[in-house]
Amino acid sequence: MKFATKAIHAGQEPDPTTGAVMTPIYQTSTYWQKSPGDNKGYEYSRGTNPTRKALEDCLAALENAKYGLAFSSGMGATDAVLKLLQPGDEVITGNDLYGGSYRIFTKIFTKYGIKFHFLDLSKPENMLPYINDKTKLVWIETPTNPTMQIIDIEGVAKITKEKNLILTVDNTFASPYLQNPIDLGADIVMHSVTKYIGGHSDVVMGALVTNDEQLYKDLWFIYNACGATPGPQDSFLVLRGIKTLHLRMKAHCENGERIAHYLKTHPKVDKIYWPGFEDHPNHDVAKKQMRGFGGMISITLKGADLEETFRISSNFKVFTLAESLGGVESLINHPATMTHGSIPKEEREKVGVTDNLLRLSVGVEDIDDLLEDLANALA
């Protein structure tokens, strides 16, 4: 099936009891057993739930993978991957990361003896000097949050396969519509389902998908044992959201392109980060591994201090100043004090996350209203 068909049908069959077309919300914590261990495949909803299972199968299909797991948040999914590791293991990751990922790496898992290397991965070979017999996992985002760095997934995967390392790709910014890391050699794909996949700013959820049966079994054990699993109502809402993912992503891409070109020549804008520009670093890689450039854009404001940046970011009427991204509504975010506030100032500024940087999540509103809002806010 093509993507749009999978988005609407994958993992979902008419309910065998009633014929309901939409997967029912199985609002139950436990399940009847004919005798101990003799059940219909479901025992307790922390581990398995029919509504969640339909979602997991759909998510796997969208990423061209065999196995999917839904978590109660993207951080719950990230936590599960890191729990595959042992004290003394080492992780290679990028130097521009979502603040929550940086926080869980440095504030939680370093306490358990895991070492992280934060590197410029614009060239895959940059990781080679850091690989040793303790290296077990490579974790990348592409495009990165918030400076839209592009990392060559296929190039990184070639190295991780040779070195027998697990490659996990955070595919949140691209969504399965624009990029499929499994096809490029990744072992695990992580999503903050809260974002584009859910798409309506009404659910917090995460997901992992993989083609590797043993990885799936190991992750399922952690998922069930540690319990960061979502409820059926949220699973139902995400299934519903996915049905329009292909339509929404087309609109995000179209609006994003219009706004990126508008901002590129705006007198108040100093730098703009959007992978669709030919002068964006690794644009050729983005063009090769993505099917579009998305609706995420970051800008720095020319000559603006923190006070002026706050004034401008609070001056929007259609864009909403808020955390998160990927919803149908346009959002504006100040990473230095919001999504990336947990990263020390000197570390985030090394990669361009400065006090005058704003991140835009371009929604699917009428483009003329969005452009007018930008013009007024930046005036």
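1. Asn-164 sits in the loop that runs between helix H5 and strand E5 (166-170). Helices (H or I, at least four residues) and strands (E, at least two) are DSSP runs, numbered from the N terminus. Asn-164 is not a glycine, yet its phi is positive, at about 60 degrees. With a relative accessible area of 71%, Asn-164 is exposed; the cut-offs are under 20% for buried, over 50% for exposed and partly exposed in between (1.4 Å probe, protein chains only).

2. This is a predicted model, in which local features need pLDDT of at least 70 and side-chain atom pairs count only at pLDDT 80 or more, while totals for chains, interfaces and linings use all residues. Residues are numbered from 1 along each chain as its sequence is written, and side-chain values use heavy atoms, with hydrogens and water left out.

3. Asn-282 also has a positive phi without being a glycine; the angle is about 65 degrees. Its loop connects strand E8 (269-273) to helix H10 (283-289). Asn-282 counts as partly exposed, at 21% relative accessibility.

4. One joins Thr-142 and Pro-143, with omega of about -10 degrees, and Pro-143 lies in the loop between strand E4 (135-141) and helix H5 (153-163). Another joins Asn-145 and Pro-146, with omega of about 10 degrees; the loop between E4 and H5 holds Pro-146 as well.

5. The protein chain has 13 helices and twelve strands. Its division is into domain 1 (3-240) and domain 2 (246-378), with bounds from an automatic or database domain assignment. The C-alpha centres of domain 1 and domain 2 are 25 Å apart. Between them, 42 residues of domain 1 are in contact with 44 residues of domain 2, where contact means heavy atoms within 4.5 Å.

6. What is the radius of gyration of the protein chain? The value is 21 Å, which agrees with the figure near 21 Å for a compact globule of 379 residues. The radius is taken over C-alpha atoms, and the globule rule is 2.2 Å times the number of residues to the power 0.38. Along the principal axes, the C-alpha atoms fill a box of roughly 70 × 50 × 35 Å.

7. Of the 379 residues in the protein chain, 56% are buried. Among contacts between residues at least 6 apart in sequence, 73% join residues at least 24 apart.
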